[in-house]
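This report describes the fold of a single chain and the surroundings of selected side chains. The sequence and the structure come first.

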Amino acid sequence: MDVRLQVSVELGRRRFRIADLLSLNQGSILELDKVAGEPLDIRVNDHLIARGEAVVVNDKFGVRLTEVLTPVEKMGKLL
């Protein structure tokens, strides 16, 4: 089936002012709300569906799923 989905992997989140965003340069470091080593959030159409860990396969980055949310857990996230 040819259904388009937006899949994203979230390392963490950060909220800041537009002025701060515009002052970023190459090499700037952003502090995120997650600690290094915490699971990455995998989202489909902006809905959390799983968690995983970053891996390197043949010199490319990937994500290994470590937890897939059950339908009940997904519904709890929507409420």
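The model is predicted: local features need pLDDT of at least 70, side-chain atom pairs count only at pLDDT 80 or more, and totals for chains, interfaces and linings use all residues. Residues are numbered from 1 along each chain as its sequence is written, and side-chain values use heavy atoms, with hydrogens and water left out.

**Overall fold**

The chain has two helices and four strands, taken as DSSP runs numbered from the N terminus (helices H or I, at least four residues; strands E, at least two). Along the sequence these elements follow the pattern β-α-β-β-β-α. The radius of gyration of the chain is 15 Å, well over the 12 Å that the globule rule gives for 79 residues, so the chain is more spread out than a compact globule. The radius is taken over C-alpha atoms, and the rule is 2.2 Å times the number of residues to the power 0.38. The C-alpha trace spans about 40 × 40 × 30 Å along its principal axes.

Of the 79 residues, 15% are buried, where buried means under 20% relative accessible area, exposed over 50%, and partly exposed in between (1.4 Å probe, protein chains only). The accessible surface comes to about 7,100 Å², and carbon and sulfur atoms contribute 56% of this surface; the areas come from the Shrake-Rupley method with a 1.4 Å probe. Among contacts (heavy atoms within 4.5 Å) with a separation of 6 or more, 31% are between residues 24 or more positions apart.

**The sheet**

The four strands form an open antiparallel sheet in the order S1-S2-S3-S4, with two strands counted as paired if DSSP finds at least two bridges between them. Strands S1 (7-10) and S4 (60-68) are at the edges and have a single partner strand each, so one side of each lacks a neighbour in the sheet. On average, neighbouring strands are turned by 40° against each other, direction ignored. The axes behind this angle are lines fitted to C-alpha atoms.

Two of the pairings are listed here.

| Strands | Bridges | Example of bridge partners |
|---|---|---|
| S2 (residues 40-44) and S3 | five bridges | arginine 43 and leucine 48 |
| S3 (residues 47-57) and S4 | eight bridges | arginine 51 and glutamate 67 |

S2 and S3 form a hairpin with two residues between them, and asparagine 45 in the turn has a positive phi of about 50°. The hairpin of S3 and S4 also has two residues between its strands; there asparagine 58 takes a positive phi near 50°.

Glutamate 10 lies in strand S1 and counts as buried at 15% relative accessibility. Its side chain makes a polar contact with the side chain of arginine 13 at 3.1 Å. A polar contact is a pair of N or O atoms within 3.5 Å; within protein, one must be able to donate a hydrogen and the other to accept it, and residues adjacent in sequence count only if both atoms are side-chain atoms. Beyond four places in sequence, glutamate 10 is in contact with Lys34, Leu40, Asp41 and Arg43.

Arginine 43 is in strand S2 and is buried, with a relative accessible area of 13%. A polar contact of 3.4 Å joins the side chains of arginine 43 and glutamate 10. A polar atom of the arginine 43 side chain also lies 3.5 Å from the backbone oxygen of aspartate 46. Not counting residues up to four places away in sequence, arginine 43 touches Gln6, Val7, Ser8, Glu10, Arg13 and Leu48.

How values were computed:
Axes fitted to C-alpha atoms, helices over the stretch in contact; angles between N-to-C directions.
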